[in-house]
Amino acid sequence: LQRGNDFIDQNDYTSALPVLQEAERLSQRLSTQGVLRGDILHSLGHAEYNVGQLQEGEKHLRQALAISRSCLPANNFSTASTMCSLGECLRQQQKYDEAEQMLRQAVEIEATANVSAQSKADTMCNLSNCLNQQQKWLESEQILRQAVQIYTTVAGPSKSKADTMCNLGLCLYHQQKYEEAEQMLRQALEMYTTVNASAQSKANTMYNLGGCLHQQQKYDEAEQMLRQALEMYTTVNASAQSKANTFSWLMGCLIRQGKYKETEEEFLKFSTLEEL
C-alpha cells in the first residue's frame, strides 16, 4: 500500500495501479477488514480513475467510503478524502449532481477537520470544477476566490494557485466580467511562467486571455495573444479542437481590424497545416 501511495504522490498512477491491485488481492486473501481495507480500496480507486478506469474506480471508492463511514467519525479527514476522490470520479463520468453533493460534503467536513489549508483549497477547487461544468458560474466564482485567498496565505507562487486563478478568470468571463477576468488571466499566465508550468497550461491561458481581449474589442492585443497560443498549441501537438477554436478567434480579430487579405492567407496556411 505504501509503495502504491508513493507512486500516487508522484502522480505516477500507471505505476501505482499494479502495485495497488496486488495489495487489494492480498487483502482479500488475508480477509483484511476495517480502516486498512478501506485505505487500500481508496488508493486503488484513486489510481484507477486517474488512468481512465472510471467505472472500476467508482466501484472501489464507493466501497472505501462505506467502510470509512462505518469505522471512522463522521468528520474524519479520511472520509472527506474518499468523498473528494469519488466526487472527482463521478464528475469525470458527467454524473454532476451526485459529484456535486459528494464534493460539498467533503468541503463541509474539511472546514472543521484537522487538515491543511492546502487540502481545503484543493477540494474547493474540485467542487468549483463541478459547478463550472453545470454553468453555475457565480457560486463557482465565490468558491474560487476563497481558494485563491487560501493559496496566497499558505504559499507563494504555485501551479495550483495559477490553475485556480485561471479558472476564476474563466468564471468571470462567462459572467461577462471581462475587465476583472483579463486581470486574473494575466496574473495566472505570469505565474505559470514563474513556476515553469507546461506549455499546454500557458497556451490554454493565452487562448482564454485572447478571447477575453477580443470581447473587450482589444483586437490588436488579442491577435498577438492568440497567435502565441496557436503557435504553442502546434508545438505541443494539442488537439485539433484546441487549435481550431484558437484559429477561429484569431480570424475574428483579423476581420474586426479589416485585415481581409491576411485573413485569407492565414486561412489557407492553417488549412494546409491541418491537412498535413
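Modeller: Buried means under 20% relative accessible area, exposed over 50%, and partly exposed in between (1.4 Å probe, protein chains only). This is a predicted model, in which local features need pLDDT of at least 70, side-chain atom pairs count only at pLDDT 80 or more, and totals for chains, interfaces and linings use all residues. Residues are numbered from 1 along each chain as its sequence is written, and side-chain values use heavy atoms, with hydrogens and water left out.

Biologist: How many salt bridges does the structure hold?

Modeller: A salt bridge is a side-chain nitrogen of Lys or Arg within 4 Å of a carboxyl oxygen of Asp or Glu. By that criterion, the number of salt bridges in the structure is 23.

Biologist: Is glutamate 100 buried or exposed?

Modeller: Glutamate 100 forms a salt bridge with lysine 136, their closest N and O atoms being 2.8 Å apart. This pair links distant parts of the chain, 36 residues apart: glutamate 100 lies in helix α6, and lysine 136 in the loop between α7 (117–133) and α8 (137–154). Helices (H or I, at least four residues) and strands (E, at least two) are DSSP runs, numbered from the N terminus. The relative accessibility of glutamate 100 is 9%, so this residue counts as buried.
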